[in-house]
Amino acid sequence: MDEIYWMPATQLRKEMQNRNIGVEEVTKAFLNRIKKYDRRFNAVSEIHETAIKQARALDSATRGRDALLFGLPLLVKDNIDVAGLHTTAGSMALADNLAESNAAVIENIVHHGGIILGKTNMTEFANFTSQGMPNGYSSRGGFVKNAYDPNKNPGGSSTGSAVAVSAGFCPMAVGTDTSFSVVACATENGVVGFKPQHDSLSADGILPIASTLDSAGMFSRNLSDAILLYNGMAHRPMAPVHPIPAKELKIAVNQHNRDMVSETQWQRYEQLFEALRRDGVRFSEITQPYSPYQRSIMLCEFRRDLERYLAGASAKLKKLDQIIAFYEANPQSMMKYGISTLQEAAQKSVDDLLYQEAMAERERMRGQIFEELKEYDACIMTGPTNIMHFVGLPSLALRLCEDESGIPRGIILYGADERRLLSAALTLETYCSPFVPPHL
């Protein structure tokens, strides 16, 4: 049975469709694995009591076995509504927020035959509580631990979903990304992460940071599985995506903050680049910088977008000021790392001149970045930049290799065209190290 934990989702789906293995058997196996190992990693916040019932219904189904996600068990980040489970964003202030219906992306997953095992822990308020808050921590869930090394950074706010995939708790998981919460988590946990182009997936039923920047995303152990889940989350699946032959690939390498990349990591990049060059891939260097305006958009949109979500939620607290007051009334349990970001956001508004300037800069940069990238299939990020998130481009992370101690290292790509990016990444993935499970 151990082989199902690491089987590609596309293969596992086929085995269940052909009745070579039962959906209930698979679901129970993943639930048992969570029960056995998650006390080490704290990735899972809540289990869906109806998961086995969902599985039995699919086993007995005579129609619909060709569904896109048939029988595949998934875990979902705790800022996305799943009917019957809590949506808390890791905060005790929203511990009473029991979702009455599924977020749109979850409804699509269920429609396509996916099984929701439960919810995953996350960095509190998607890492928008305090600039001093460690990745993977929340007052409600505690610390999420990296499955390869408990002392290693588990990545951004979608950390529970990424760890769950790397630890074999599910073949795929759902996260959200405003700025690196999917792709950075993927690089730290040795899995694939994909953040689609902004607005390509519905945000209905997702507790937000900023509607201009937020997107649901997905984790898996290979890119084909991520594309499968993307299609299962979308209102309309995309046409099949195929790799671009290496000799036809044009790749840009963003040199911004190149000096912040360690020499060891740069050598890993160069090994990949050299292998690609030998097969005819053409490279060009570009510079696309970090934008400080992104944080301005987050600060100014947060209160408006959060309160819009809470207006239709079951949570008692409906206003950001009420949430801040709840924290301040419970400092020992709620303010271990402070709430400076929440407090700052409470003073901002979309009516602020700062916001208008930031949105104007975003529009200006969108035109510039799209023009610079239009001739390339993908752009590889080297030094830190947020430009892809600031202007709403699709981005993804591939597992690049392992370091000398067996810890995975990743590579982040983005592009102006989602299909071209995915097609290019399918080719690049064949040059990267395959997924290697952690030793649990």
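Predicted model: local features only at pLDDT ≥ 70, side-chain atom pairs only at ≥ 80, totals over all residues.
Me: How many of the residues count as buried, and what share of the contacts join residues at least 24 apart?
Reply: Of the 440 residues, 61% count as buried. Among contacts between residues at least 6 apart in sequence, 77% join residues at least 24 apart.

Me: Which residues does the UniProt annotation "domain: Amidase" cover?
Reply: According to the UniProt record, an unreviewed entry, that annotation covers residues 25-381. In the model this span is 38% helix and 14% strand, and its end C-alpha atoms lie 41 Å apart.

Me: Why are helix 7 and helix 15 called roughly antiparallel?
Reply: Helix 7 (residues 223-233) and helix 15 (residues 418-429) pack at an angle of about 155 degrees. The cut-off for roughly antiparallel is over 145 degrees, and the angle of about 155 degrees therefore puts the two helices in that class. Their axes are 10 Å apart.

Me: Which residues meet where helix 7 packs on helix 15, and what are their classes?
Reply: From helix 7 come L223, S224, I227 and Y230, and from helix 15 come E418, L422, A425, L426 and E429. By class, this contact has six nonpolar, one polar and two charged residues.

Me: Why does S157 count as buried?
Reply: Buried means under 20% relative accessible area. S157 has 1% relative accessibility, so S157 counts as buried. The residue lies in the loop between strand 5 (142-143) and helix 5 (159-166).

Me: What does S157 touch?
Reply: Leaving aside residues up to four places away in sequence, S157 touches K77, M122, T123, A126, N127, T176, S181 and C185. As for I47, 110 residues away along the chain, its C-alpha atom is separated from that of S157 by 20 Å.

Me: Is H112 buried or exposed, and how do you know?
Reply: H112 has 16% relative accessibility and the limit for buried is under 20%, so H112 counts as buried. Its place is the loop between helix 4 (104-111) and strand 3 (115-120). With residues up to four places away in sequence not counted, H112 touches A67, L68, L69, F70, N231, G232 and A234.

Me: What is the phi of R19, and why is R19 called partly exposed?
Reply: R19 has a positive phi of about 65 degrees although it is not a glycine. Most residues other than glycine have a negative phi. R19 sits in the loop between helix 1 (9-17) and helix 2 (23-41).

Me: What makes D199 exposed?
Reply: Exposed means over 50% relative accessible area. D199 has 64%, so D199 is exposed. This residue is found in the loop between strand 7 (192-195) and strand 8 (215-220). D199 is not a glycine, and its phi is positive, near 75 degrees.

Terms used: Residues numbered from 1 in each chain as written. Heavy atoms only, no water. Axes fitted to C-alpha atoms, helices over the stretch in contact; angles between N-to-C directions. Helix = DSSP H or I, 4+ residues; strand = E, 2+ residues; numbered from the N terminus. Parallel < 35°, antiparallel > 145°, perpendicular 65-115°, else oblique. Contact = heavy atoms within 4.5 Å. Nonpolar A, V, L, I, M, F, W, Y, C, P; charged D, E, K, R; others polar. UniProt positions renumbered as here; feature names shortened; annotations may be inferred. Buried < 20%, exposed > 50% of the residue type's maximum accessible area, 1.4 Å probe, protein only.
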